[in-house]
2 protein chains.
Amino acid sequence: MDIPGYSIDFEKIVKTIKKEKYKRVVLQLPEGLKTYASQIVEFLENNTKATIIVSADPCFGACDITNYELKNFDVDLIIQIGHVSIPDVENLCIATLFVNAKSDINISNAVKKALPFLKEKGKKIGLVSTSQHVHTLKKVEKILIENSFQPFIGEGDSRISLKGQILGCNFSAALSIAKQVDLFLYLGSGNFHPLGLMLSTKKPVIAIDPYTIEIREKELEELKDLILRQRYGAIASSKDAKKFGILVSMKRGQQRINLAYKIKQMLDSKNKKSYIITAENFSYSILEGFRDIDCFISTACPRIAIDDYLQYKKPIITPIELEIVLDKRKWEDYRFDQIL
Amino acid sequence: MDIPGYSIDFEKIVKTIKKEKYKRVVLQLPEGLKTYASQIVEFLENNTKATIIVSADPCFGACDITNYELKNFDVDLIIQIGHVSIPDVENLCIATLFVNAKSDINISNAVKKALPFLKEKGKKIGLVSTSQHVHTLKKVEKILIENSFQPFIGEGDSRISLKGQILGCNFSAALSIAKQVDLFLYLGSGNFHPLGLMLSTKKPVIAIDPYTIEIREKELEELKDLILRQRYGAIASSKDAKKFGILVSMKRGQQRINLAYKIKQMLDSKNKKSYIITAENFSYSILEGFRDIDCFISTACPRIAIDDYLQYKKPIITPIELEIVLDKRKWEDYRFDQIL
């Protein structure tokens, strides 16, 4: 069983199902792999005795494990392809097998192209990537050493499985080495991860996209400035809010309910009214009915407050930003919201 | 605590929370009542010791109970306002309290306006309504008797709590009296319920909207013809399908997983490939990735195949329609899909 562009350990899936005699299995796939769903189901049904059910719901990450309702379907295993385990949410209710989809793209040319840009910034380079490319960091390390750099790959906290791996909500693998490095090299697509990397480590970041071999540095600095201006605006326009909605995700790996209670107490002590609001997927459209809420505080995925900011007609801020709103933290001590 | 236009038994909620000493309560509201969420939360928090969490996810009916993940929030009670219990899904995982939102609109004028239309069709009238207005059927019965009609109000099956109540997926309270009546009088808004009523009972239906006092009869007949033409088209275009996607909802009251397995077996025996697909909320956009599926069979809410039909770029049919596709049922024996 092969999926073009990726290396996915289907043999491990087959072995696990056979060994544990799993009978009903739910398969979660990221959007890009759904087109292979029928092939994967057929492969697994032909090679095991399990019945495979495919989840069609969007699956944004390892935090987004399909829910307890599957118990009613007698499901005994959830397989999530395309993400690496967040250890503290795994196996909470139904056995869960995370199977990474490793990109098979060769990163050598991209890294070599980045060398002169790295040289300008320093010698000590922290290496980070997402689950798709993190397996290539050893190779990147080798190339950097050959070119007289000093690369570092950090360990993350208990939510991180692989050395050098970062999530949009967790930069612990970068923070653990931030003091030792001059800058970070991020290997991967998208702007959200390098943005969080810059805001959480306060170090320069050079990003290389292994697919386009595009190097981003100045654009990221500009994006950081834009986002900080947006965040400053969101904080300023939350100052007069009277009623706050505290958002708590129902997704397994984003359930910061205790943080929500803490925030509610903090607002109570400032005589501000607040309401805890939960949902599977937050968007402005599902919150539109809550007309009298002046400001939302998201304890869910940090992307909701930051990436989706312009979709919201009310300010939406992170828990750290609320501390600034309530004068418990200074703007100079701004931190990126993480789930650690 | 009053909500304009509705009678909602908030005292019962307070009593239940106090009696059972519930500590963490999730509140589900239909879209129209979300604007009152903060008032309801304040009322309940002021009158009990419970912490109230509001669910922002859409809540389409009593079938749509928010999910098991709430266990992780130590939630011990779910309150669903605006729907009447579907007894067989209640209390499955967390105690659930359904509190109806009874419309306080006076239906007398609407019923009186309908009298000449009823007279044309017959004397024996089956009375049905939705949870919002079903409490008025006793009054409708009285008006009809005063005007020399013979009204009937039927009992539903184990999914139906109130006499005369119908759901979009369950017309058992009408079917139980269908043989005795000349026609049905439906009291309520929307076209889906009277449409299902016509298709499941095969009797004439007159619908009155208590808000607009509008009487619908001819329009419903035209809609029925349009929908039947659409269904005929959907069945015809599913005949050549090679790969079928069998949709199973994760919503508590729509989980027809055993029907899905039965359908899969039926398709297997006809050498047609099929895949079971589950989701919280089905829409064409979340199914778009499944590019090689030629036809979807929905075991979820019947509205998905029928109301949302035009949104789908692939035919989407009900389990009964699949029987016609596979020549196991004749078009003449077409039935409306129900969850009984």
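At 23% relative accessibility, B:E45 counts as partly exposed, a class that lies between buried (under 20% relative accessible area) and exposed (over 50%), with a 1.4 Å probe and protein chains only. The model is predicted, so local features need pLDDT of at least 70 and side-chain atom pairs count only at pLDDT 80 or more, while totals for chains, interfaces and linings use all residues. Residues are numbered from 1 along each chain as its sequence is written, chains are lettered from A and ligands numbered from 1 in the order in which they are written, and side-chain values use heavy atoms, with hydrogens and water left out.

A:K264, with a relative accessible area of 12%, is buried. The closest N and O atoms of B:E45 and A:K264 are 3.8 Å apart, and the two residues form a salt bridge, that is, a side-chain nitrogen of Lys or Arg within 4 Å of a carboxyl oxygen of Asp or Glu. This pair joins two chains, because B:E45 belongs to helix α2 (residues 37–47) of chain B and A:K264 to helix α8 of chain A. Helices (H or I, at least four residues) and strands (E, at least two) are DSSP runs, numbered from the N terminus. Side chains of opposite charge can pair when their charged atoms come close.

Over all chains, the structure holds 36 salt bridges. Another of these links A:R256 with A:D337, where the closest N and O atoms are 2.8 Å apart. A:R256 and A:D337 are both buried.

In chain B, a salt bridge joins the side chains of B:D337 and B:R256, with an N to O distance of 2.8 Å. Parts 81 residues apart in sequence are tied together by this pair, because B:D337 lies in the segment after α11 (319–325) of chain B and B:R256 in the loop between β12 (243–249) and α8 (257–269) of chain B. Both B:D337 and B:R256 are buried.

The second largest pocket holds about 230 Å³ of space. A pocket was found on a 1 Å grid over the protein atoms alone, as an open set of points where a 1.4 Å probe fits, with protein on both sides within 12 Å along at least five of seven lines; lining residues have an atom within 4 Å of a point. Grid points are joined across faces, edges and corners, and the volume is the space filled by probe spheres set on the points. The lining of the second largest pocket includes A:E42, A:E45, A:N46 and A:T51 from chain A, and among its residues from chain B are B:Y261, B:K264, B:Q265 and B:D268. At least two lining residues each come from α2 (37–47) of chain A and from α8 and β13 (273–279) of chain B. The most are given by α8(B), with 4 residues. By class, the lining of this pocket has 2 nonpolar, 4 polar and 6 charged residues; Ala, Val, Leu, Ile, Met, Phe, Trp, Tyr, Cys and Pro count as nonpolar, Asp, Glu, Lys and Arg as charged, and the others, Gly among them, as polar.

The same surface serves both copies, as 100% of the contact residues of chain A recur in chain B, contact meaning heavy atoms within 4.5 Å.

Several loop positions were also examined. A:K202, in the loop between α6 (192–201) and β10 (205–208) of chain A, has a positive phi of about 60° although it is not a glycine. A:I213 is likewise a residue other than glycine with a positive phi, near 55°. A:I213 is placed in the loop between β10 and β11 (215–216) of chain A and is partly exposed, with a relative accessible area of 28%.

A:T130, in the loop between β7 (124–129) and α4 (137–146) of chain A, is buried at 12% relative accessibility. Not counting residues up to four places away in sequence, A:T130 touches A:I166, A:Y186, A:L187 and A:H193.
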